[in-house]
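Here is a short report on parts of a protein model. Keep the sequence and the 3D view at hand as you read.

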Amino acid sequence: MAIEHFDIFIIGTGNAGKHVAYDAVEAGKKVAIVDNREYGGTCANRGCDPKKVLVGITEVLERSRDLSGKGINDLPTVNWSDLMKFKNTFTGAVPFTTERKLDKLGIKMYHQSPKFIDEHTLSVEGKTVTADKIIIATGNIPLELKIPGREHILISDDFLELKELPESMLFIGAGYIGMEFAHIAARCGVNVTMVDINDRILSNFDENLSKYLQENSEQIGINFVFNARATSVEKLRKNYRVTVNQDGETKELKAEMVFNTAGRVPSIEDLELEKGNVAFTKKGITVNEYMQSTTNPNVYACGDVAASNSLPLTPTAHQEARVVSKNLLKGENYLKLDLPPTPSVVFTQPQLATVGYNEKEAREQGYEIVVKEENVPDWYNSKRMNQNCYAFKTIVDKKTGYILGAHLLSWDAAETINMFVMAMCGNLDVNTLKGMIFTYPSWSYDIKSMI
C-alpha cells in the first residue's frame, strides 16, 4: 500500500487544531486531521460550552433564592432531565457538523490516536502517512489518580452526561473544575464534599477572595476536607468509601458518586513522541516562542498540550493556533507568541475572576505598587440582588498609574474583568478610567471605585 503524503498533518480537532486546518486549506495545502475521540474537541463537546449551560440554571436558582421574600415567592425547581436535553442541543451535533465542514474543505480525516514512527512519519488506522509539518493540538486530559479503586472514580465527562443526580457527591480536587461542578450539584440539592491536598480552594487565585468564595460555598452546603490526600476508593452497596490521609490521620468519607477533579495533564501518552524526536515535559510539548518543537522543527504544538506558559484556555489556544498558522504559511520565524493580559474565571456563583499579577508577582517584577482591597457586600449592585459576597483587589503601578492586576469576586465578575483587560491592553491609567463615563448603575461602573 502506498504511503500517503500531506503538506500538513494535524493531531486534534479542537479549537486550535481546526483553526490551523482551516488556514492551511485556504492557503492551498494538502491537509489531514485526526482525533481519537468525537470531532470538535473538549470545549465544545465536554468542556466549557456544556458546562456553562448547566451553570446558567444555577444562576437562576441563586438569584431567585437571594430574592426570596424580596418580591419572589415561589422558588424554581430543577428538572435535571430537561436540563440535560437542553445541554444536548449544544453538543449533540458538534461531531457531525465538524466532520461535515472538514470534509467539504477536502481535508482527509482519521479516527484513531496516531503514533510517531520518525520525525516526518506517523502510523494511524494501520496506515503509514508522512507530512512536511505535523501539528500537535491534542489538549489536556484528566490526571489519573493512581490509587486502589480508581476504576470507580468518575471524571468531568461523566458529570456532563448524568441521567439523574445522586443524593451525594465527593470531588477529589478543589480547583476550578471541581468548584464549578460542586456549585452546580450543591445548588441542585446534592450533598457535596470536596477533598483537596492544599489548605484552601483554588490555589492559583487570590487567597483572600478564594477564602470569601469558600465561605460562600460552605453556606450552600459544600463540605471541605483540606490537607487531605485520597488513598483508596471502595465500592459499598449504595455508596463508595473514600479513604483519605489528612495531616497523618486516616479518615473515611462516603458518597454515592466520586469524581476526579484533581487537575489535567497534556494528552500525549499515546503519541510515542520519542520516536518523532519531540521533546516534552509534564507540562506538554516543549516549544519555542514560535510554537515550534525545540527538537523537531517539523513539529508545532498549540493549545493546552503546548508547554508555552500560557493559561490552558480556549482564547489562548486560538492565539497559539494563529501563531502556528502564520509560521507554517508565511515562514517558520514569521510570528512569535506574544499574549496580552489574559483573564481567567471560575464560573461558580459568585464568579471569581482574575487578570494580571498578584501582589507577590508584581513586587517580584520590581514594581512599587498600590493595592486596594475591599469586601463590599453593601455596594449597590450587591444589595439590589440581596447578595452577601462581593469583593475585589486591584494592583496599580504607583509610578505610571497603570493597572498591573485585578481580582474580582461577584455575580458579574466574568464580564467586569474584561473592562480591566481592555484598560491593561490599552495602557489606560487609573485617572483615564476614572474620567470615563460608564452606564449607571452597572457592575462595570463599580470599577471606578476599585482603583
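**Helix 7**

This is a predicted model. Helix 7 takes in residues 176-187. At 1.5 Å a residue, its 12 residues should span 16 Å. The C-alpha atoms at its ends are 17 Å apart, which agrees.

Is the helix enclosed or open? Of its 12 residues, 11 are buried, so helix 7 is largely enclosed by the rest of the structure. Among the buried residues are I177, F181 and I184. E180, H183 and R187 are buried too. After the helix comes G189, with a positive phi near 100°.

**Helix 7 against helix 8**

Helix 8 covers residues 207-219. It packs against helix 7 at an angle of about 25°, and the two axes are 10 Å apart. Angles under 35 degrees count as roughly parallel, and the two helices are therefore roughly parallel to each other. The crossing is left-handed.

Which residues meet? From helix 7 come M179, H183 and R187; from helix 8 come L213, N216 and S217. An α-helix has 3.6 residues a turn, so residues three or four places apart point the same way.

Strand 12 spans residues 240-246. It is joined to strand 11 by 7 bridges, and the two run antiparallel. Look for A228: it stands opposite Q246 in strand 12.

Key
Residues are numbered from 1 along each chain as its sequence is written. This is a predicted model: local features need pLDDT of at least 70, side-chain atom pairs count only at pLDDT 80 or more; totals for chains, interfaces and linings use all residues. Side-chain values use heavy atoms; hydrogens and water are left out. Two strands pair if DSSP finds at least two bridges between them. Helices (H or I, at least four residues) and strands (E, at least two) are DSSP runs, numbered from the N terminus. The expected span of a helix is 1.5 Å times one less than its number of residues. Buried means under 20% relative accessible area, exposed over 50%, partly exposed in between (1.4 Å probe, protein chains only). Axes are lines fitted to C-alpha atoms, for helices over the stretch in contact, and angles run from 0 to 180 degrees between N-to-C directions. Angles under 35 degrees count as roughly parallel, over 145 as roughly antiparallel, 65 to 115 as roughly perpendicular and the rest as oblique. A crossing is left-handed if the near helix is turned anticlockwise from the far one by less than a right angle, and right-handed if clockwise. Contact means heavy atoms within 4.5 Å.
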